[in-house]
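Work through the exercises below with the sequence and the 3D view at hand. Try each task before reading its solution.

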Amino acid sequence: MNAYAAMKQYQTVNVNAQVSEADPHRLIQMLMEGGLQRIAQAKGAMQHGNLALKGEQIGKAVAIIGGLRESLDHQQGGEVAGNLERLYAFMQQRLSEANLRNDAELLDEVTELLREVKAGWDGIRQS
């Protein structure tokens with residue numbers, strides 16, 4: 001087993017352990033962290049001309065944001081859930097545009113939006 005394969009296996013085991021021990025609040029945090037990581041990886045791939053990896057990572061980020069959309073509770077969340085639904089849809093659209101246009105600025109835009117949402121979510125536990 002090469003070092004890269006060993007690292008990937010360790011990461012998978014580590015993430016699986018974290019998920020099995022996480023409460024719903026932490027799971028959403030982990031999704032947001034994963035989305036931010038995938039966008040950063042896509043940007044790096046874009047800057048290095050690795051279009052296949054860029055597309056793969058953007059696809060994963062879109063799927064993660066889709067998971068965040070699916071986790072919204074519109075009955076309990078009311079207007080906030082509706083606003084997040086629209087924001088997540090916008091993020092997915094911008095990521096798709098970034099992929100098509102090879103536009104790092106669009107990736108940065110989504111990164112900032114997701115960071116703001118994550119900061120608010122993180123603040124829930126601190127209050």
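**Exercise 1.** Find how many helices and strands the protein chain has, and give their order.

Solution. The protein chain has five helices and zero strands. Read from the N terminus, the order is α-α-α-α-α. Helices (H or I, at least four residues) and strands (E, at least two) are DSSP runs, numbered from the N terminus.

Before going on, note that this is a predicted model: local features need pLDDT of at least 70, side-chain atom pairs count only at pLDDT 80 or more, and totals for chains, interfaces and linings use all residues. Residues are numbered from 1 along each chain as its sequence is written, and side-chain values use heavy atoms, with hydrogens and water left out.

**Exercise 2.** Is Ala42 buried or exposed, and which residues does Ala42 contact beyond four places in sequence?

Solution. Start with location: Ala42 sits in helix H2 (residues 24-47). Next, cover: Ala42 counts as buried because its relative accessible area is 0%. Buried means under 20% relative accessible area, exposed over 50%, partly exposed in between (1.4 Å probe, protein chains only). Then partners: neighbours within four places aside, Ala42 contacts Lys54, Gln57, Ile58 and Leu107. Contact means heavy atoms within 4.5 Å. Last, distance: Ala42 and Leu107 are 65 residues apart along the chain, and 8.2 Å separates their C-alpha atoms.

**Exercise 3.** State what share of the protein chain is buried.

Solution. The protein chain has 127 residues, and 31% of them count as buried.
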